[in-house]
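Thanks for coming. I have one structure to go through today, so let me put it on the screen.

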Amino acid sequence: PQAWGQHEAPRRVKRAWVIPPISVSENHKRIPHLLVQIKSDKQQPGGVIYSIKGPGVDEEPLGIFSIDKFSGKVFLNAMLDREEHDRYRLRAFALDLGGVTLEEPTDLEIIVVDQNDNRPLFRQDVFTGRVVEGAEPGTCVMTVDATDADDPDTDNAALRYSILEQGAAGMFSINATTGEICTARPGLDRETMGVYNLTVQAADMSGDGLTTTAMAIIYLEDINDNPPEFTKEEFSMEVEEQAAGVDVGKVFVHDKDLAGSPSWLAKFTILEGDPEGAFAIRTDPHTNDGVLSVVKPLDHEVRDRFELTVSVQNERPLEPSVPASPRALATVRVRVRDVNEAPAFRENPRRISVLEGTPPGTAITTYTASDPDTHQIQTLSYALLYDPADWLQMDPHAGTVRTKRELLHPSAFLQGGWYIALVLARDDAEPPLSATGTLSIEILEVNDHAPQLQPPAGVLCGRPGRGGTLLLGATDDDRPPHGAPFHFQLSPQHPQLARNWSIARFNGEVTHAVLAVLAELPEGPYSLPLLLRDSGTPPREQQQLLNVSVCHCGRDGTCLDGALAAASAGAGITLGALMIILGSTILLLVLAALGAARVRGRRRALRKGLLQRSRDDMRDNILNYDEQGGGEEDQDAYDINQLRHPELFSPRAKPPLRRDAPLSSGTPMAPRKLPSSPSDIEDFINEGLEAADSDPSVPPYDTALIYDYEGSGSVASPLSSIVSSLTDEDQDYDYLSEWGPRFRRLADLYG
């Protein structure tokens with residue numbers, strides 16, 4: 001009250017201009033419908049103009065409300081839906097004819113009254129739930145729920161749930177307010193009924209109004225409450241003998257639990273009748289039946305029938321609530337069917353030993369097989385399947401193996417002294433079966449060869465203690481132990497040989513000995529009978545002649561004429577003679593190189609002298625004489641085509657005559673041999689050098705001119721060497737007189 005004195009008192013609003021809320025029912029069908037009449041107390045001459053504004057008038061939704069501007073009556077022009085707009089708030093205005101406000105704007109509130117015009121709606125058409133079989137009563141499975149678009153504060157949206165249909169059992173109940181579905185009675189059995197289809201209802205007006213329905217499907221989950229059982233007590237099967245890894249047959253079972261679940265899967269066990277473990281049983285994952293198979297070959301002749309006791313149970317144990325029951329058992333009778341079996345060699349491979357040289361027709365063994373089909377009368381026959389050397393023959397009925405020809409050693413068909421043959425055994429059944437056996441024959445070595453002296457000749461110095469020794473060797477065609485070590489001795493039939501000769505073992509070797517002279521012997525050939533014996537059982541010995549050439553001894557105990565002695569005595573030479581030959585060869589090569597160098601020096605000097613005396617026209621002089629000293633002579637004596645085309649010269653052709661050699665000189669001892677490959681110039685040159693070194697009638701230095709080949713270019717190409725030596729002024733041409741008649745003219749001019 002104190003505050004009221006401080007402020008201006010609110011202006012009094014006339015009672016006629018204050019409009020209370022107006023209620024109107026939705027879905028009103030009398031259109032237009034008068035809602036209210038507003039009126040201003042300020043009556044002006046000429047009247048009052050009324051108007052309203054707001055949703056439903058000049059705002060969406062348009063055209064629902066209207067007002068008579070002169071009387072102030074407000075009308076409803078369309079049906080209302082509370083679920084879209086539950087109330088409308090408008091503003092009312094009063095103006096004079098000039099548009100001047102007579103009253104302050106006032107509120108006009110229109111409330112839409114709800115009607116039960118909406119049915120309840122379930123959130124889904126089908127509800128799904130699961131519960132294990134045997135669940136206790138009161139076990140909740142699922143909840144169904146619905147909605148109602150009507151006013152929740154009225155009974156129009158008050159819902160109640162019920163089960164309209166679930167079958168005769170009445171196993172489930174529903175909470176009318178919450179819609180929760182639970183088990184109502186015990187005895188849920190999946191094997192009896194695995195799925196329950198419930199029709200549930202939702203009704204508004206607390207169950208007395210509009211209704212709607214939906215489906216509730218409840219699945220019972222399986223538990224292992226049923227053991228598997230055989231479909232019958234006995235099963236009969238048969239299988240062929242010698243079959244392994246094959247299926248014999250099936251034993252059938254039945255389990256009421258859910259197919260494919262662990263509670264349904266069966267496990268089989270063979271309890272009796274198979275002590276050797278010849279059978280196995282497994283579970284077919286698709287049918288849950290037991291599959292019996294053979295894991296070890298069966299023999300009809302040993303046992304032709306089996307009686308097996310088989311049990312079955314689930315992989316998962318039964319539920320504790322299930323009453324205990326014994327395991328299911330069945331008897332499986334298996335008959336083993338007889339079939340033809342291949343023969344078999346009990347000893348495979350068969351190993352025997354035969355002496356080499358065994359005469360043809362000798363029986364060496366009997367190699368037979370056995371037929372396992374003792375209940376059948378069959379005959380076996382034999383044949384050689386593999387006999388690479390065609391050494392053997394075989395009796396087709398008895399299996400006796402004989403030699404067809406003499407077994408020799410060594411042979412390309414032996415492997416480490418063993419001969420391998422294959423034997424085929426075949427029965428007379430239909431179809432016939434066969435087996436292969438391996439016959440390994442060891443060819444035993446027989447001491448049938450005496451040792452042979454190698455080499456049979458030699459050269460040694462005839463002075464005792466100073467090179468008077470010769471190394472002897474021997475070979476034997478027999479294999480150990482019938483070969484080395486060898487025993488060398490002078491023939492006992494000639495005891496006088498022991499006065500001049502002795503034989504001793506060479507440094508412990510088993511294949512060599514040393515022949516030595518005991519007294520000084522004159523030069524010349526000697527034939528010594530030697531007795532050679534091997535170490536075989538029994539030993540073989542043979543007397544052989546050793547041709548020995550005693551040479552003239554030098555101071556160091558070597559043969560002075562070792563080369564000639566070696567040529568006359570054969571391939572056997574002493575170590576001293578070999579050293580003499582090698583030393584002589586090296587010396588000749590050195591002398592040949594020195595001679596070649598000297599000849600080239602003299603040739604360059606000659607070219608320089610010729611060039612100094614004919615500087616004015618070098619080319620004319622060269623073309624006039626067309627020769628270059630000793631080299632030109634050598635080209636005539638040894639045609640250079642031998643190097644370019646060696647294939648045109650036969651090894652048997654007469655060696656070319658050396659024109660630069662003395663007329664009285666002889667032909668070299670050994671003819672010059674062409675190389676085996678005509679294109680191998682290097683070998684050809686080396687052999688030519690060896691022939692020149694072995695020619696004692698010509699100075700060795702001249703032979704080197706044979707190889708002074710300077711290519712296939714112009715014959716004037718050596719002029720470069722002449723020009724390069726023009727600086728030397730002092731020349732001696734006396735040696736031109738030693739080059740033969742072709743160079744006599746040059747000798748007269750420059751000598």
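Predicted model: local features only at pLDDT ≥ 70, side-chain atom pairs only at ≥ 80, totals over all residues.

With the bonded cysteines numbered in sequence order, they pair as 1-2, 3-5, 4-6.

Start with Cys140 and Cys182, whose sulfur atoms sit 2.3 Å apart. Cys140 is in strand E10 and Cys182 in strand E14, so far as the chain goes 42 residues apart, and the pair links distant parts of it. The link is right-handed, with 70 degrees about the S-S bond. Cys140 is partly exposed, at a relative accessible area of 40%, while Cys182 is buried at 12%.

Next come Cys461 and Cys553, with a sulfur separation of 1.5 Å. The S-S torsion here is about 135 degrees, so this disulfide is right-handed. Cys461 belongs to strand E34, and Cys553 to the loop between strand E40 and helix H2, so the bond ties together parts 92 residues apart in sequence. Both ends are buried: Cys461 has a relative accessible area of 1% and Cys553 has 9%.

The remaining pair is Cys551 and Cys559, again with S to S at 1.5 Å. This link is left-handed, with -70 degrees about the S-S bond. Cys551 is buried at 5% relative accessible area, and Cys559 is buried at 2%.

Now the cores. Which residues touch the most other members of the largest nonpolar core? They are Phe230, Phe268, Phe279, Leu292, Val332 and Val334, out of 25 residues in that core. Strands E18, E19, E21, E22, E23, E24 and E25 each give two or more residues to it. E25 contributes the most, with 5 residues. Looking at Leu292 and setting aside neighbours within four places in sequence, its contacts include Met237, Val248, Ile270, Phe279, Leu308, Val332 and Val334. Apart from this core there is another, of 24 residues, including Leu80, Tyr88, Leu90 and Ala94.

On to Asp151, in the loop between strands E11 and E12. Asp151 is buried but has no salt bridge. The nearest side chain of opposite charge is Arg82, 4.5 Å away, and the salt-bridge cut-off is 4 Å. Not counting residues up to four places away in sequence, Asp151 touches Arg82, Asp114 and Ala157.

Last, helix H7, residues 681-693. At 1.5 Å a residue, its 13 residues should span 18 Å, and the end C-alpha atoms are 18 Å apart, which agrees. The buried residues of H7 are Phe684, Gly688, Ala692 and Asp693.

Definitions and conventions: Residues numbered from 1 in each chain as written. Heavy atoms only, no water. Core = buried A, V, L, I, M, F, W, Y, C linked by side-chain atoms within 4.5 Å. Buried < 20%, exposed > 50% of the residue type's maximum accessible area, 1.4 Å probe, protein only. Helix = DSSP H or I, 4+ residues; strand = E, 2+ residues; numbered from the N terminus. Contact = heavy atoms within 4.5 Å. Lys, Arg positive; Asp, Glu negative; His and termini not counted. Expected span 1.5 Å × (residues − 1). Disulfide = S-S within 2.5 Å.
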